[in-house]
Amino acid sequence: MRFISGLAILASFTSTALAVVGPGVVTGDTSVHDPTMCKDSAGKYWIFSTGVGLEIRTSTDRTAWSKVGLVWPSGASWTDAYTGTSNGALWAPDCQIANSKFRLFYSASTFGSQKSAIFLATSSTGAAGSWTHVSKVIETSSSNDYNAIDPNLFISSGGSWYLSLGSWWTGIKMAQVDSTGVLKSSVSSLANRGGSGIEASVIYQYGSYFYLFTSWDVCCQGTSSTYNIRVGRSTSVGGTYTDKSGVSLLSGGGTSVLATHDSIYGPGGQDVWDDSDGPILIYHYYTSSGHWLGINRLDFSSGWPVVT
């Protein structure tokens, strides 16, 4: 009986230890895809996300969210050649606030196409309709072996700007850019799954490591979505990134951070960002009732990110 009780206790402990933490509590208008978060000098939180005109939501406490309009309420005609329609949906924005200015990198394409482009917009307030089109940063076509969508800007401690990007094909790429979105380097490779799904890259620095987060597999299929969040790390922003087992992300490596669990399907399209209470993971996920905003803290105390 003592032995059986010990097994029961061990099983209970193991089950608890391996339990996956669900999304943190959020309220209001939280139906988003590919969310990115930033925080202004007044303490207001901003989320920008995929949609026609790029959707904007704000919060004063990172919990209660209100939709407050669109980046491009009158459309963005310069993207029509890539979306294939007038005022088509724009994808996967990335928000940064630097030198009191909002910067938003975002992409335009259609599903399964390499006719894609990444653009840069700026605003002094972040408000709907206040944005200025700055430039087309990079574009791809079927003649390229990668796809110019899903941008993410990383600003180093030394002030250098690195833009990661890419989706499927030969995976995740990176190039240096300046504050106007002009490329300052050739495109290099960070991660590759040999043609399988990988996209939504985010570079985040914690301590002496740079962490490359990506979304694997298939998005946007409701509860059939197989999206999941993976990570590798490197001592250099340009790689080589390896997973927890030492496998290079250029060879298909990637340690799991968050995947389908319980009634949460296909978490991904993530951003990683620092707030006053530490590193924050922002993502979307599906349930039987729709697609929703997920926010969790990340614990790096083991050297690898753990969702809490």
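**Stop one: a hairpin**

Select β11 and β12: they form a hairpin with 5 residues between them. In the turn, G159 has a positive phi of about 95°. Strands here are DSSP runs of E, at least two residues, numbered from the N terminus. This is a predicted model, where local features need pLDDT of at least 70, side-chain atom pairs count only at pLDDT 80 or more, and totals for chains, interfaces and linings use all residues. Residues are numbered from 1 along each chain as its sequence is written, and side-chain values use heavy atoms, leaving out hydrogens and water.

Now color residues 152-155 (β11) and 161-165 (β12). The two strands run antiparallel, joined by 4 bridges; pairing takes at least two DSSP bridges. Find N152: S164 in β12 stands opposite.

**Stop two: a loop residue**

Go to W169, in the loop between β12 and β13 (172-177).

**Stop three: inside a strand**

Select N296 in strand β21, residues 290-299. N296 is buried, because its relative accessible area is 3%. Show side chains: that of N296 makes a polar contact with that of Y283 at 2.6 Å. Such a contact is a pair of N or O atoms within 3.5 Å; within protein, one must be able to donate a hydrogen and the other to accept it, and residues adjacent in sequence count only if both atoms are side-chain atoms.

Definitions and conventions
Buried < 20%, exposed > 50% of the residue type's maximum accessible area, 1.4 Å probe, protein only.
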